[in-house]
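Subject: Structure handover

Hello,

Here is the structure we talked about, with its sequence. My notes on what turned up follow below it.

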Amino acid sequence: MKGKDGKIFLDALTALEKEKGISKESLLETVEQALLAAYKKHFGEEENVEVAINRDNGEIVVYEVKTVVDDVYDAALEITPEDAKEATKRSYKIGDIARIPVNCEEFRRNAIQNGKQIVIQKVREAERTNIFEKFKAKEFDLMSGIIRRIDEKRSIFIEFDGTEAFLPTAEQSPADVYRVGDRIKVYVAEVEKTNKFPKVVISRKNEGLLKKLFELEIPEIAEGLIEIKSVAREAGSRAKIAVYSKDKNIDTIGACIGQKGLRIKNIVDELNGEKIDIVEWKESPEEFVSAVLSPAKVNSVEILEDGTTARVIVDPSQLSLAIGKSGQNARLAAKLTGMRVDIKVAEKDA
């Protein structure tokens, strides 16, 4: 590259550095290495050459690199002081390294197109790396972005500070209403490297979203004074969350609800009306299962021998509350406790 072409090439790399955050110097070094490989492939591996791009004007120069000696045994690697001076117009001592410019106009012309392709590939690789690192740093956390478009499959494309990710229908909450231009919080559920672009799973349905919203809204949780023990959620409908504090002076449920219910209201609003039951975690499985089945009143809980099943006895008037609409309360209780919850009606006395 010479003259105008070289300058355009350098200006393009400068623009890429600003827009993509990719080092201009690293791009130039990558192009030099690739052009060197291309030159050796065309002219022979035995050639001891260097390819350099002038940082001021973008000119590509190819040098034969030779050691200055008295007697030449290998012309590909050695040169006399006289011949080196004639080729470069400067003097050398024995043992110096001489870089002799190579006249290869055809290679330079092809190098312009090769350089462009190399940079495009390098930019793509850097973009993939930047996307991976950006989302990996926020894995299992919240990110806030702006909805830019919604496609025919109802996938939501969200921009996060210049980087786009999509929210598939499988990760959307039924309670959400998505509009282009709206700001939205999502949970980064998974980030993995692949052969192409990184796999990034963002979600409005994941239980992690609810947990992170509690950490965001409730300082006692963020500070570690209150611990979230478990979360169970049927997105858009209802959720249960178990909280615990070692400090007996802390009202765990009250702290989560907040003064005049403001804290929990902010979370419910973010989830577009999803109902949330806050339960105090108990070390005793029997007490915990009983608390989790709220708002139903439980007569007794028995943990069966297998250790994974809780047999719950309730009065007939409490059965529908314990089970919940379409079995939802019982399902959430099972998820939250990690046990199978078997609800039975108390037998009437004879």
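R233 is buried, with a relative accessible area of 5%; please bear in mind that the model is predicted. The cut-off for buried is under 20%, so R233 at 5% falls within it. R233 belongs to strand β10, which covers residues 227-234. Its side chain has two backbone oxygens to note. The backbone oxygen of N206 is reached by the side chain of R233 at 3.0 Å, and the backbone oxygen of K205 lies 3.1 Å from a polar atom of that side chain.

N206 comes up again at the start of helix α5. There, one of its side-chain oxygens comes to within 2.6 Å of the backbone nitrogen of G208. The helix itself spans residues 207-217. Which of its residues are buried? They are G208, L209, L210, K212, L213 and F214. On the general point, an α-helix has 3.6 residues a turn, so residues three or four places apart point the same way.

Next, the sheet. Five strands make up an open sheet with antiparallel pairing, in the order β7-β6-β5-β8-β9. β7 and β9 (199-203) are at the edges; each has a single partner strand, so one side of each has no neighbour in the sheet. From one strand to the next, the twist averages 50 degrees. Helix α5 packs on this sheet and touches β5 (142-150), β8 and β9. The direction of α5 makes about 120 degrees with that of β8.

Strand β8 (residues 183-192) and β9 run antiparallel and are joined by five bridges. In this pair, E192 of the sequence stands opposite K199 in β9.

Is T163 buried or exposed? T163 is buried, because its relative accessible area is 14% and the cut-off is under 20%. T163 sits in strand β7, residues 163-167. Leaving aside residues up to four places away in sequence, T163 touches I131, K134, F135 and I158. With K134 there is also a polar contact, side chain to side chain, at 3.2 Å.

When you open the model, I would look at R233 with K205 and N206, then at α5 on the sheet, and then at T163 with K134.

Regards

Notes. Residues are numbered from 1 along each chain as its sequence is written. This is a predicted model: local features need pLDDT of at least 70, side-chain atom pairs count only at pLDDT 80 or more; totals for chains, interfaces and linings use all residues. Side-chain values use heavy atoms; hydrogens and water are left out. Buried means under 20% relative accessible area, exposed over 50%, partly exposed in between (1.4 Å probe, protein chains only). Helices (H or I, at least four residues) and strands (E, at least two) are DSSP runs, numbered from the N terminus. A polar contact is a pair of N or O atoms within 3.5 Å; within protein, one must be able to donate a hydrogen and the other to accept it, and residues adjacent in sequence count only if both atoms are side-chain atoms. Contact means heavy atoms within 4.5 Å. Two strands pair if DSSP finds at least two bridges between them. Axes are lines fitted to C-alpha atoms, for helices over the stretch in contact, and angles run from 0 to 180 degrees between N-to-C directions.
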